[in-house]
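This briefing concerns the salt bridges of one protein model and the surroundings of their partners.

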Amino acid sequence: MKSALKSAWTATRRAFAWYAMRSLEINLAGMIDTLQTVRDEDTRAAMRLAIAMTCKELCRARANYNALLPAGQRRTWTLA
C-alpha cells in the first residue's frame, strides 16, 4: 500500500511540475511576441529583464520536472 501511495504522490507532483513548466513556456512565448509591439525603450528594457527572469524560472521548472522522472528517463528541450 505504501508503494502505491508513494507512486501516486510522485505522479501528482510530476503532473503539477509539468503544468508549471508548460505555463511558463506559454507565458514566455507571449512575452516574446509582445516585445515586438512595444516602442518605449524603458518598457522594452523592463520586458527584457522579465523575459530573462522567466527563462531562469523555466530552467528551474524543467529541472524540477526532470528530477521527478523515473531513473533512466530524461527529457531534452531545444530552448532553455
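Glutamate 25 and arginine 62 form a salt bridge through their side chains, at 3.0 Å from N to O; the term denotes a side-chain nitrogen of Lys or Arg within 4 Å of a carboxyl oxygen of Asp or Glu. Glutamate 25 belongs to helix 1 and arginine 62 to helix 2 (residues 41–68), so the pair ties together parts that are 37 residues apart in sequence. Helices are DSSP runs (H or I, at least four residues), numbered from the N terminus.

The model is predicted: local features need pLDDT of at least 70 and side-chain atom pairs pLDDT 80 or more, whereas totals for chains, interfaces and linings use all residues. Residues are numbered from 1 along each chain as its sequence is written, and side-chain values use heavy atoms, with hydrogens and water left out.

**Contacts of glutamate 25**
- Glutamate 25 and arginine 62 are both buried (buried means under 20% relative accessible area, exposed over 50%, partly exposed in between, with a 1.4 Å probe and protein chains only).
- Glutamate 25 also meets arginine 22 in a salt bridge of 3.1 Å, N to O.
- These two residues lie three apart in helix 1 (residues 2–35), a separation of about one helical turn.
- The relative accessibility of glutamate 25 is 18%, while arginine 22 is partly exposed at 39%.

- Arginine 60 and glutamate 57 are joined by a salt bridge of 3.0 Å, N to O.
- Three residues apart in helix 2, arginine 60 and glutamate 57 are about one helical turn from each other.
- Arginine 60 is exposed at 52% relative accessibility, and glutamate 57 is partly exposed at 38%.

**Overall arrangement**
- The structure contains three salt bridges.
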